[in-house]
Amino acid sequence: MVGIISYGAYIPRYRIKIEEIARVWGANGTEISRGLGVYEKSLPDMDEDTITISVEAARAAMARRKIDPADIGAVYVGSESHPYAVKPSAVTVGEAIGATPVMTAADYEFACKAGTAAIQTSMGLVKSGMVTYSVAIGADIAQGEPGDALEYTAAAGGAAMIIGNDDPIAEISHTCSYTTDTPDFWRRENKPYPRHGGRFTGEPAYFKHVIGASKMMLEKMGTKPSDYTYAVFHQPNGKFPVQAASMLGFSMEQIKPGLAVTYLGNTYSGASMVGLSAVLDVAKPGERIFMTSYGSGAGSDSFDITVTDVIDSDLFSRDAAPKVSELLADKKLVDYAVYAKHKGKVVMME
Amino acid sequence: MREVAVIGVGCTKFGEKWETSFRNLFVQAGALALEDANISGEQIDEIFVGNMSAGRFVEQEHIGALIADYAGLATDNIPATRVEAACASGGLSFKQAYTAVASGMSDIVVAAGVEKMTDVGTEVTTDVLAAAADREWEGIAGVTFPGLYAMIATDYMNRFGLTREQLAQVAVKNHENGVMNPNAQFRKAITLDTVINSTLVADPLRLFDCSPVTDGAAAVILAPLDRAREFTDTPIKVLGVGQASSTLALHDRKDICTLDATVAAGNRAFQMAKVERKDIGFVEVHDCFTIAEICAIEDLGFCKKGEAGRLTEEGQTAIGGKIPINPSGGLKACGHPVGATGIKQVYETVKQLRGDAKGRQIDTEIGMTHNVGGTGATVVCHIFGRA
Amino acid sequence: MSVARFWRKQQNRYNLIGTHCTTCGRYFYPPRAFCPDCRREGKIVEFQAKGTGKVVTYTIIRSSSGNFKLLTPYVLAIIELDEGSRLTTHLICEIDQVYIGMPVKRVFRKLGEEGSSGAIFYGTKFVPA
């Protein structure tokens with residue numbers, strides 16, 4: 001059955017406190033942190049970007065399992081912050097893991113769900129027998145407009161899922177999606193920062209699609225929330241996923257292991273995938289994972305995943321790459337000035 | 001091979017020469033050399049000019065032709081050659097000129113060096129100089145020249161216990177000498193404190209450990225020894241010549257703080273000159289950074305590895321000491337117009353051996369020059385003596 | 001650096017692909033097409049370095065230019081790979097953290113770019129292991 005052959009995550013070391021951002025804009029940091037359920041967010045080093053993050057995540061996945069790069073037939077990178085508007089991040093990743101030249105590749109964009117869309121494509125290629133392995137990556141160094149609400153949470157990070165048929169560590173029993181044309185959040189070509197619809201991003205956007213896709217999945221699989229050990233929802237802040245879980249009937253215990261946002265922020269295309277990585281870091285054979293991503297614009301991809309014995313077998317080495325908790329713990333705090341320098345928010349001469 | 005002597009020398013003042021163009025720097029130096037040799041242009045058979053990077057500093061290549069033209073010698077269709085070996089361009093230009101005369105190909109040959117560095121901003125300068133290192137594998141890693149020599153210093157200090165004060169003394173001593181050199185860029189004495197408290201450039205090297213950016217030119221004239229007295233009463237003979245190469249990148253050296261090209265070039269010069277280290281009255285070494293002088297003293301064989309710091313501290317490398325180093329003030333105080341430095345070293349050596357180095361005179365018959373390209377990928381040494 | 005010149009050594013920089021002289025056994029990263037010891041007698045093949053090594057010497061660059069201008073102060077180091085060859089690299093760590101002998105491992109980072117509209121150059125740097 002098609003499933004996850006290996007996985008890996010990467011989070012840059014730098015962090016800024018939400019309180020520090022609030023300080024600069026004269027807002028109440030304590031209130032904002034509490035309201036968002038986010039206390040720190042990550043930012044990239046001066047020489048990191050979506051491509052370097054994607055490569056590190058992909059290499060982490062390769063480190064955990066003996067995979068012949070020649071068997072990788074496809075690489076897809078989903079992001080809102082591809083370094084090039086034209087020249088895919090996927091080819092650099094492919095070259096950096098030794099998969100080139102016999103492979104297909106492309107970059108994806110669908111706001112925060114570009115990575116899970118890549119997982120779905122990978123599943124199709126693998127299930128049809130077109131490729132042996134396909135790598136799906138979601139990674140971002142998200143842009144937040146200075147002084148805007150999203151600046152508190154737009155973060156940097158990503159994860160890679162290698163999809164295949166043979167001895168997966170977790171089988172993907174089913175995937176389904178709920179997609180509409182909804183203008184809740186967008187970024188025009190050549191503009192540096194996205195815009196969003198404020199409160200419109202809640203009920204008609206995030207919740208409609210997350211609940212829509214999740215209900216479809218539960219109905220299709222004939223399952224109840226209690227049938228799952230873990231639930232991962234897209235995490236733009238610490239509140240939405242908790243609310244979605246509650247609305248569907250999932251508990252805090254189920255969502256906590258996959259809730260990385262509290263000290264990470266929203267890694268956009270990386271968000272759900274990093275959450276899934278955090279779950280895979282601790283999951284045991286037989287445990288079932290429910291995941292629903294969300295991307296503005298808008299759409300949700302739902303997945304029903306069951307962990308296999310392979311995760312604890314000799315074929316797989318979870319400790320060969322850093323866990324999400326370890327990546328979160330390895331951190332260096334900076335102030336807003338250094339944050340602005342790293343994020344290119346300081347106006348430079350050409 | 002004929003014996004060769006230097007019959008005339010000329011050197012411009014070194015410094016930031018806003019009013020003087022690249023070509024006029026050379027013309028000035030050339031004119032001074034011709035006057036010193038009491039020779040006129042038509043008597044010159046050939047010109048060699050050392051220049052590292054006119055292409056990027058003043059967007060000009062084809063330097064041999066340019067120099068011949070502006071020296072007024074193109075009308076005689078003089079053969080003119082530009083020689084490049086990064087910061088050893090001057091020394092190498094002298095060796096080429098020596099070879100032309102020694103072989104009998106030419107009789108009266110000019111060896112010059114010129115560099116105009118200040119027409120571009122410091123960022124461009126840093127990048128231009130980085131081309132003396134390995135662009136492909138050092139440049140792309142974020143090296144700067146001070147950074148490369150700083151890595152040599154870190155390695156040296158870790159293995160031989162060189163102190164910050166000993167290293168600083170190199171700069172203090174060279175500035176002291178520069179006070180007495182009318183052509184030097186810096187003619188003010190400095191203290192150990194000034195050096196030790198100056199801004200960090202690349203740890204452990206600070207601003208005052210580094211030679212500056214400079215404009216300047218120098219020219220010397222060579223002739224076969226058996227004709228030298230037609231032009232001068234004080235011909236200075238070339239006793240020994242040594243040139244050597246080593247790996248371009250510092251990371252490929254067998255021993256990071258030994259410039260093996262210096263060892264080889266020095267030995268070759270000594271072998272040809274048939275003199276010993278103890279016969280040398282002074283050495284003009286390539287102190288692009290203070291640590292470079294420390295290594296040079298040792299790699300040329302004047303003391304054991306690890307000893308040069310103590311030697312400097314004890315004043316043995318000062319003008320009154322056992323082995324005076326850089327009586328001219330070195331690159332540190334004179335300045336370092338890259339292509340010109342090697343010829344300036346010859347200029348100083350000739351002045352010293354003629355007894356014409358007022359205020360910094362050393363009483364000796366034999367002197368030596370040591371010119372390095374990059375972090376030691378090219379080294380050219382010459383030994384001179386009174387004829 | 002021009003795109004062609006960078007691209008030519010791209011695989012080497014991304015994946016630490018160097019060369020190995022099977023005649024004398026020496027490993028070269030950066031790669032050499034010609035063994036300096038064996039020269040024409042040397043049989044050269046490709047090899048991929050493991051990506052681990054140790055610091056041989058270092059400095060802290062306080063003033064730089066081009067793509068490294070905004071990274072100061074940064075550690076520049078010569079490291080020796082486990083396979084024996086040495087290379088120069090930006091070592092990403094706190095400036096007071098580095099020491100001679102420190103174990104290091106590879107990471108994938110941006111090396112620079114040709115301005116905001118130019119190509120972006122990627123490659124290998126090192127961090128403490």
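In chain A, helix H3 (residues 50-64) packs against helix H4 (residues 89-96) at an angle of about 40°, and the two axes lie 9 Å apart. The structure examined here, like every value reported for it, is that of a predicted model. The crossing in which H3(A) passes H4(A) is right-handed. On the side of H3(A), the residues that meet the partner helix are A:Ile51, A:Ser54, A:Val55, A:Ala58 and A:Arg59, while H4(A) contributes A:Ser89, A:Thr92, A:Val93 and A:Ala96. Sorted by class, the residues of this contact comprise five nonpolar, three polar and one charged.

A further pair of helices in chain A is formed by H6 (residues 202-221) and H7 (residues 240-248), which pack at an angle of about 45° with their axes 11 Å apart. That angle makes H6(A) oblique to H7(A), and the crossing of H6(A) past H7(A) is right-handed. The contact draws on A:Gly202, A:Tyr206, A:Phe207, A:Val210, A:Ile211, A:Ser214 and A:Lys215 from H6(A), and on A:Phe240, A:Pro241, A:Gln243, A:Ala244, A:Met247 and A:Leu248 from H7(A). Nine nonpolar, three polar and one charged residues make up the contact of H6(A) with H7(A).

Helix packing was also examined in chain B, where the axes of helix H1 (residues 22-37) and helix H3 (residues 63-70) come within 10 Å and cross at roughly 60°. H1(B) is for this reason oblique to H3(B), and the crossing of the two helices is right-handed. The residues in contact are B:Phe22, B:Arg23, B:Phe26 and B:Val27 of H1(B), together with B:Ile63, B:Leu66, B:Ile67 and B:Tyr70 of H3(B). In this contact of H1(B) with H3(B), seven residues are nonpolar, none is polar and one is charged.

Chain C contains two helices and eight strands, and, read from the N terminus, its elements follow the order α-α-β-β-β-β-β-β-β-β. The C-alpha trace of chain C spans about 45 × 35 × 20 Å along its principal axes.

The chains were next considered in relation to one another. No contact joins chain A and chain B, and the closest C-alpha atoms of these two chains lie 12 Å apart. Of the two pairs of chains that are in contact, chains B and C share the most contacts. The contact between these chains takes 27 residues from chain B and 34 residues from chain C, and the area buried between them is about 2500 Å², of which carbon and sulfur atoms give 59%. Within chain B, the residues that lose the most area to chain C are B:Trp137, B:Ile140 and B:Met151, which together account for 27% of what that side buries. Five salt bridges are found across the interface of chain B and chain C, and in a salt bridge between B:Glu136 and C:Arg5 the closest N and O atoms are 3.3 Å apart.

The contact between chain A and chain C takes 23 residues from chain A and 22 residues from chain C. About 1800 Å² is buried between chain A and chain C, with carbon and sulfur atoms giving 46% of this area.

Side chains of opposite charge can pair when their charged atoms come close. Over all chains, the count comes to 47 salt bridges. Within chain B, B:Asp127 forms a salt bridge with B:Arg56, the closest N and O atoms being 2.9 Å apart. This pair links distant parts of the chain, with B:Asp127 in helix H5 (residues 122-130) of chain B and B:Arg56 in helix H2 (residues 54-57) of chain B, 71 residues apart.

How values were computed: Residues numbered from 1 in each chain as written. Chains lettered and ligands numbered in written order. Predicted model: local features only at pLDDT ≥ 70, side-chain atom pairs only at ≥ 80, totals over all residues. Heavy atoms only, no water. Axes fitted to C-alpha atoms, helices over the stretch in contact; angles between N-to-C directions. Helix = DSSP H or I, 4+ residues; strand = E, 2+ residues; numbered from the N terminus. Parallel < 35°, antiparallel > 145°, perpendicular 65-115°, else oblique. Left-handed = near helix turned anticlockwise from the far one by under 90°. Contact = heavy atoms within 4.5 Å. Nonpolar A, V, L, I, M, F, W, Y, C, P; charged D, E, K, R; others polar. Buried area = accessible area lost by both parts, 1.4 Å probe. Salt bridge = Lys/Arg side-chain N within 4 Å of Asp/Glu carboxyl O.
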